[in-house]
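User: I would like to go through the side-chain contacts of this model with you. Could you start with the terms we need?

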Amino acid sequence: MQFGRYFEEFEVGAVYKHWPGKTVTEYDDHLFCLLTMNHHPLHLDAHYAGETTDFGKNVVVGNYIYSLLLGMSVPDVSGKAIANLEVESLKHVKPTFHGDTIYGETEVLDKTPSKSKDDRGVVYVETRGYKQDGTIVCVFRRKVMVPKRSYGEARGGEQPGRPVPHE
């Protein structure tokens with residue numbers, strides 16, 4: 001199974017549909033909030049969210065959804081990346097709630113060979129995340145430096161650093 005792509009394998013206009021989706025649980029949301037010290041009651045306090053917000057229930061913290069989508073895209077987009085260079089934009093379009101299932105897809109917007117090193121290039125992509133009913137919840141654009149095939153072959157091919165088993 002392929003993990004990531006070399007620069008030559010990206011085509012402008014291609015759309016990679018990430019699989020599988022992920023159902024967001026209350027535990028996921030609360031753990032992410034606590035790990036990142038985001039203690040906003042909209043995310044952690046069901047009574048507060050139910051009594052004082054327009055949503056009437058907890059909203060999943062947006063940066064968890066972004067992180068989830070970024071992770072979902074790794075096998076298709078950045079699994080061979082040399083570096084994540086930039087997140088150009090990040091939009092939280094609609095709220096996500098406990099129990100929603102998130103799916104993602106990434107479109108290749110552009111690709112540019114490196115001007116300083118001939119063994120790599122920069123791929124510009126847009127990732128869209130949506131819920132089980134198709135509602136878009138998060139969109140972000142980023143630039144990723146990815147190797148050309150020659151870079152990978154010089155460093156061990158598809159699974160660089162993998163040891164050979166022996167007794």
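Analyst: A salt bridge here is a side-chain nitrogen of Lys or Arg within 4 Å of a carboxyl oxygen of Asp or Glu. Please note that this is a predicted model.

User: How many salt bridges are found in the whole structure?

Analyst: The search finds 11 salt bridges. One of them joins the side chains of D28 and K22, with an N to O distance of 2.6 Å.

User: Are D28 and K22 buried or partly exposed?

Analyst: D28 is buried, at 15% relative accessibility, whereas K22 is partly exposed, at 28%.

User: Which residues are linked in a network of salt bridges?

Analyst: The network links K17, E105, E107, E126, R128 and R141. Within it, R128 meets E126 at 2.7 Å between the closest N and O atoms, and both of these residues are buried. R128 also pairs with E107, at 3.4 Å from N to O. R128 lies in strand 4 (residues 120-131) and E107 in strand 3 (residues 101-113), so this pair ties together parts that are 21 residues apart in sequence.

User: Changing topic: why is C138 too far from C33 for a bond?

Analyst: The sulfur of C33 is the closest cysteine sulfur to that of C138, yet it is 15 Å away, and a disulfide requires the two sulfur atoms to be within 2.5 Å. The search of the whole structure finds 0 disulfides. C33 is buried at 0% relative accessibility, and C138 is likewise buried at 0%.

User: And which residues make the nonpolar surface patch?

Analyst: Y27, L31 and L35 make a patch of about 360 Å². L31 sits in helix 1 (residues 26-35) and is partly exposed, with a relative accessible area of 34%.

Terms used
Residues numbered from 1 in each chain as written. Predicted model: local features only at pLDDT ≥ 70, side-chain atom pairs only at ≥ 80, totals over all residues. Heavy atoms only, no water. Buried < 20%, exposed > 50% of the residue type's maximum accessible area, 1.4 Å probe, protein only. Patch = residues over 30% accessible without salt bridge, like charges linked within 9 Å, V, L, I, M, F, W, Y side chains within 5 Å. Areas by Shrake-Rupley, 256 points an atom, 1.4 Å probe, with all protein chains shown as cover. Helix = DSSP H or I, 4+ residues; strand = E, 2+ residues; numbered from the N terminus.
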